[in-house]
Amino acid sequence: MISLNFKASLDFLGAPVYNAFLERSLKAFDTLVSGSGAGNDFLGWLNLPSDMLNSSILAEIEEVKERWYKMGVDTVVSIGIGGSYLGAAAAIKALSPSFHKEGTPEEPEVLFAGNNLSEDYLYELLEYIKEKNVGVVVISKSGTTTEPAVTFRILKSYMEQRYGLERAKELIVAITDARKGALKGLSEKMGYKTFVIPDNVGGRFSVLTPVGLLPIALAGFDIKRMLEGAADMQRACAIREADNGAIQYAAVRNALYSCGKKIEILANYNPKLQLFGEWWKQLYGESEGKEGKGIFPAAVSNTTDLHSMGQFIQQAERNLMEVVLNVREAEHTVTIESSKDDSDGLNYLAGRRVEEVNANAFEGTLMAHVDGLVPNTVIEIDHLDEYSLGELFYFFEFACGVSGYLLGVNPFDQPGVEFYKKNMFKLLGKPGYQK
Ligand code: PA5
């Protein structure tokens with residue numbers, strides 16, 4: 001189980017302030033689990049882990065995996081943006097070796113596209129996959145988002161020219177709404193294998209649907225184990241108690257926000273968690289940043305960013321709080337050797353593991369930040385594996401629902417995202433957008 005320590009934040013806030021927010025957090029919990037709040041038609045994610053473990057979807061995902069294995073697919077291009085890509089990208093980065101490994105049919109390389117509109121990115125992707133055996137997963141709940149739609153139009157044509165219409169059909173899988181959207185119509189017309197994103201699950205809460213699970217499984221990771229971690233967290237989060245970590249985290253961050261801590265930084269001490277920070281930023285940013293309210297979510301990867309953002313965090317305007325995601329055990333061992341002449345002065349570290357140095361950097365930074373009035377919450381997992389990631393995904397989603405209601409917003413809509421689209425469509429001359 002993940003552990004949560006918010007002592008430093010409690011010391012900063014004082015018990016009366018924390019307890020007042022804890023009461024509000026418990027009420028927000030009631031709103032969430034009773035389904036009585038705004039956006040209550042988007043609560044399907046609450047039971048997703050247990051629902052998915054009992055559904056036929058895992059078997060369907062396995063079938064795609066088997067079929068593509070037999071077809072020799074060694075490279076998967078997963079097309080999607082926002083909630084339709086960040087969860088899978090975060091999990092695959094967290095679970096993969098740090099250095100590039102050639103994809104094989106046993107463990108294909110998963111590449112992401114449709115998450116930007118850079119022509120160079122797309123050109124270089126098409127160049128890269130020329131020598132690969134390619135499968136394409138296209139993901140869009142609305143089925144109309146411009147970035148993945150443009151990318152898929154290009155990839156679809158590439159696949160058809162390269163493999164022929166019939167084989168291309170076998171090498172494309174779509175994940176979209178059950179009824180609506182251009183991608184739904186196109187998939188039906190073409191006869192693609194399709195997975196459905198449930199109506200009541202929004203994009204940024206969809207990592208535990210096929211949106212996240214299919215690319216993660218294709219990359220060779222154990223999605224059942226991930227769902228088991230999430231299901232255990234689902235049970236833990238459902239308990240209405242003052243020591244429910246999700247309720248506590250929602251209370252702490254809102255209490256700190258009320259004291260002027262307007263920015264929350266998710267810090268990690270393992271570069272494999274860098275994209276987890278991106279997933280977390282989208283979850284909290286899109287869920288809470290509205291109606292002139294919201295904590296700005298930022299992320300850093302330490303110790304790398306102690307040498308870029310460390311100065312700012314330590315001494316800039318005191319409007320920062322921190323949540324530190326720490327992995328207790330490294331998977332591998334690298335020990336610092338003794339040197340005869342000690343010319344680099346590091347013999348005081350001889351015989352110690354690099355992870356021990358990292359752990360001390362983590363402790364030392366926490367102390368410095370507390371002294372610098374950056375209160376923190378530490379969330380720890382023992383190992384970076386599928387089970388822990390499942391726990392973390394569900395924990396942060398649940399806490400986000402509670403926190404959004406505590407803040408007084410609808411955490412499940414994103415009306416602000418439409419504004420840039422209208423301007424872009426007008427500039428591009430899309431029919432119906434000229435005026
Ligand atoms: O959380 C959300 O709803 C958004 O981030 C969407 O996931 C994102 O805009 C992509 O939308 P779609 O899946 O409809 O293409």
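Cover over the buried residues of helix α5 comes from elements that include β3 (109–113), α10 (210–218), α11 (223–237), α13 (274–288) and α16 (386–407). Buried means under 20% relative accessible area, against over 50% for exposed and in between for partly exposed (1.4 Å probe, protein chains only). The model is predicted: local features need pLDDT of at least 70, side-chain atom pairs count only at pLDDT 80 or more, and totals for chains, interfaces and linings use all residues. Residues are numbered from 1 along each chain as its sequence is written, and side-chain values use heavy atoms, without hydrogens and water.

Helix α5 spans residues 86–95. Of its 10 residues, 9 are buried, so the helix is largely enclosed by the rest of the structure. The buried set comprises L86, G87, A88, A89, A90, A91, I92, A94 and L95.

The chain has 17 helices and 10 strands. These are DSSP runs numbered from the N terminus (helices H or I, at least four residues; strands E, at least two). The radius of gyration, 23 Å, is close to the 22 Å that the globule rule gives for 435 residues, so the chain is as compact as a globular protein of that length. The radius is taken over C-alpha atoms, and the rule is 2.2 Å times the number of residues to the power 0.38. The C-alpha trace spans about 65 × 65 × 45 Å along its principal axes.

Buried residues make up 51% of the 435. Among contacts (heavy atoms within 4.5 Å) with a separation of 6 or more, 80% join residues 24 or more positions apart.
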